[in-house]
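Take a look at the model below. We will walk through its pockets and then its rings.

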Amino acid sequence: MKIHEYQAKQILKKFGVPVPEGTVVDNPAEAYEVAKRLGSPVVVKAQIHAGGRGKGGGIKVVKTPEEAESVAPRMLGNNLVTPQTGPEGRKVRRLLIEQGLNIEKEYYFGIVIDRSAEKPVLMASKEGGVEIEEVARRNPDAILKEYVDPAVGLLTFQARKLAFGLGLQGPLVGKAAKTFIALYEAFKATDASLAEINPLVVTKEGDVLALDAKMNFDDNALYRHPDLQDMRDFDEEEPLEIQASRFGLNYIKLDGTVGCMVNGAGLAMATMDIIKLSGGSPANFLDVGGGASAEQVRNAFKILVSDKNVKAVLINIFGGIMRCDIVASGVVEAVKEVGVKIPVVVRLEGTNVEQGKEILRTSGLNFQVAEGMADAATKVVAAAS
């Protein structure tokens, strides 16, 4: 789950990460009042779930409350296009009005889970304000890394080592190290999958602050954090992904034309790969899980065909815990209920596979039953074309 910058800063502030003073608003009059209270200059920042806002005109430095009031309506209610939103952009529904700072230097600092090392990894770079992926591509040596043993936690010497690595000196080393430790505590306590400060700034007055903040959370741990669940902004999410989550389905919308329904994340990845290999493009990642019921399969199928870009559907199921006859029954019910007009290719293997194929053959519907993944991919790509 993603949250907005202003929400991330609220969390970080609770854990002792210094952040600029600011208030979120949703109309120009409030923008004026907040800017007047904070004093000039202030920064008007569009709040959407995407990076690169500055490049798209979503961050403006203004010198007066009147200017803040005039800038606000140019952002609010309009679509902000950034390198991460795609050409359609994201609608801006709220703004963060924040105090301006006398910035001396910008840095990058973030924490993610390194799944190969099975540890959190802290990353820091002197190149702040730039996407870390771009830094990694251009100059990977510019990224400093420090791995944390989860049983021990982030040690002070590790935090200071990163601060020295960034070239900080004197009191700034202690301030930065304290900020790094505070961010790690926030990361750990909230079951975050990402905590990022970009840029982390040093001001001319000698302060260290999080000028921007981004946090993502492990969906599987949200039941432990009802306060975080309340921060979820459904307006920022793909409607079909929201619908899928309500049915306990793992669904991610992509930009292809072949809808994929699969059980198991590994099989889903392999299915998308073989579709690409066969000259097609997947329209989604949809994992119904290992033990889905006929009702879940029916709901999953409805979600697939709700995407207008889908020209054909591939159902690729390996029946282990999930039985192939249950999958087939769910698909038949869904096709009859929805009145599907597009081709449907089905590949079944595993438990009760023959019963499943028989259900499809005797359904009176025009399914294409494939023998193996390669055959399934070839048929569905041809059908989508």
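The lining of the largest pocket divides into 10 nonpolar, 10 polar and 11 charged residues. Here Ala, Val, Leu, Ile, Met, Phe, Trp, Tyr, Cys and Pro count as nonpolar, Asp, Glu, Lys and Arg as charged, and the others, Gly among them, as polar. This is a predicted model, where local features need pLDDT of at least 70, side-chain atom pairs count only at pLDDT 80 or more, and totals for chains, interfaces and linings use all residues. Residues are numbered from 1 along each chain as its sequence is written, and side-chain values use heavy atoms, with hydrogens and water left out.

What is a pocket? On a 1 Å grid over the protein atoms alone, a pocket is an open set of points where a 1.4 Å probe fits, with protein on both sides within 12 Å along at least five of seven lines. Lining residues have an atom within 4 Å of a point. A volume is the space filled by probe spheres set on the points, which are joined across faces, edges and corners.

The largest pocket has a volume of about 1,400 Å³. Its lining has 31 residues, and D219, E237, E241, Y251 and I252 lie nearest its centre. Strand β13 supplies the largest share of this lining, four residues. At least two residues each come from β12 (214–217), α8 (239–246) and β13 (250–253). Such labels follow DSSP runs, numbered from the N terminus: helices are H or I with at least four residues, strands are E with at least two.

The second largest pocket holds about 1,000 Å³ of space. It is lined by 44 residues, with G52, R53, N198, P199 and D212 closest to its centre. Elements giving two or more residues include β2 (42–46), α4 (132–138) and β10 (192–203). β10 gives the most, with five residues. By class, this lining has 20 nonpolar, 12 polar and 12 charged residues.

Now the rings. Rings of Phe, Tyr and Trp (its six-membered ring) pair if their centres lie within 6.5 Å; planes under 30 degrees apart count as stacked, over 60 as edge-to-face and the rest as tilted. By this rule there is one aromatic pair. The ring centres of F109 and F180 are 4.0 Å apart and their planes lie at 15°, so the pair is stacked. F109 sits in strand β7 (residues 103–114) and F180 in helix α6 (residues 171–189), 71 residues apart. Both F109 and F180 are buried, meaning under 20% relative accessible area with a 1.4 Å probe, protein chains only.

Conventions. Buried means under 20% relative accessible area, exposed over 50%, partly exposed in between (1.4 Å probe, protein chains only).
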